[in-house]
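Open the model in your viewer and keep the sequence panel beside it. The tour goes from the whole chain to the core, then to a sheet.

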Amino acid sequence: MLLGLLLSVPAKASASPDIESCDSEGNTQDIFDPGEPVYIKGSGLYPGCGYYVYIVEDHEPWIVYPFGGYTTISVLSVAVGPLRVSTDASGYLGPVLIWTAADPGSYDIWADFEGADGISTHRYVYCRDDDIDNMDVDTAGFFVIPGVFFGSIGAVTALFSGLTIKALRAGRRGVNRGENS
Ligand SMILES: [Ca+2]
Ligand SMILES: [Ca+2]
């Protein structure tokens, strides 16, 4: 009975396929420094199959075929790809290097299913056989921003704090002098 149920499940290894931006060791990472390498990992995908991976500028909304206005490659701004990747026999993917040096911006990742014998697919069309990395940092799958940007804000804040403290100290000294005279 249990075996029958197991055999009847669809080809995908998991009910919730997932691809994710990550580091070289497969740890999920959604914020990168410019120039940092971006990797992809996946689970619950079609086992032993190929996907064409694209990094695209953050897109909204992703509309799955065959709903009206469904998302195709023509409305996407491709930053990297396609890069053909393969899943293992259990439907896992990567970590695979997909971008050697990231540029600043907000991005989604699209894994466009290549198709397999007996499975219909739609290349260049976002359909149910595909998967996306989306909505992790606001509406984007990942975000690339210079760490030094935050560093500068911190430095400016520290500078102003220092000036404020100096002014307060000077004021206090003035008060003290006034008291002393
Ligand atoms: Ca998005
Ligand atoms: Ca992500």
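Helices (H or I, at least four residues) and strands (E, at least two) are DSSP runs, numbered from the N terminus. This is a predicted model: local features need pLDDT of at least 70, side-chain atom pairs count only at pLDDT 80 or more, and totals for chains, interfaces and linings use all residues. Residues are numbered from 1 along each chain as its sequence is written, while chains are lettered from A and ligands numbered from 1 in the order in which they are written.

**Whole protein.** Colour by secondary structure. Trace them from the N terminus: the order is α-β-β-β-β-β-β-β-β-β-α.

Now colour by burial. A residue is buried if 20 or more other C-beta atoms lie within 10 Å of its own, exposed if 12 or fewer, and partly exposed in between; C-beta atoms are placed from the backbone. Of the 181 residues, 24% are buried.

Next, contacts: two residues are in contact if their C-beta atoms, placed from the backbone, lie within 7 Å. Take contacts between residues at least 6 apart in sequence; 75% of them join residues at least 24 apart.

**Core.** A nonpolar core is a set of buried Ala, Val, Leu, Ile, Met, Phe, Trp, Tyr and Cys residues joined through C-beta atoms within 7 Å. Select Ile40, Tyr51, Val53, Ile55, Ile109 and Trp110: within the largest core, of 28 residues, they touch the most other members. Two or more core residues come from each of β1 (18-22), β3 (38-43), β4 (50-57), β6 (93-99), β7 (105-113) and β9 (142-144).

Centre on Trp110. Leaving out residues up to four places away in sequence, Trp110 touches Tyr54, Val56, Tyr126, Asp130 and Ile132.

**Sheet.** Two strands pair if DSSP finds at least two bridges between them. Select β1, β3 and β6. These 3 strands form an open antiparallel sheet in the order β1-β3-β6. β1 and β6 are the edges, each with a single partner strand, so one side of each has no neighbour in the sheet.

Which residue of β3 is the bridge partner of Ser21? Ile40 is. β1 and β3 share 5 bridges. On to β3 and β6, joined by 4 bridges. Finish at Val38, whose bridge partner in β6 is Trp99.
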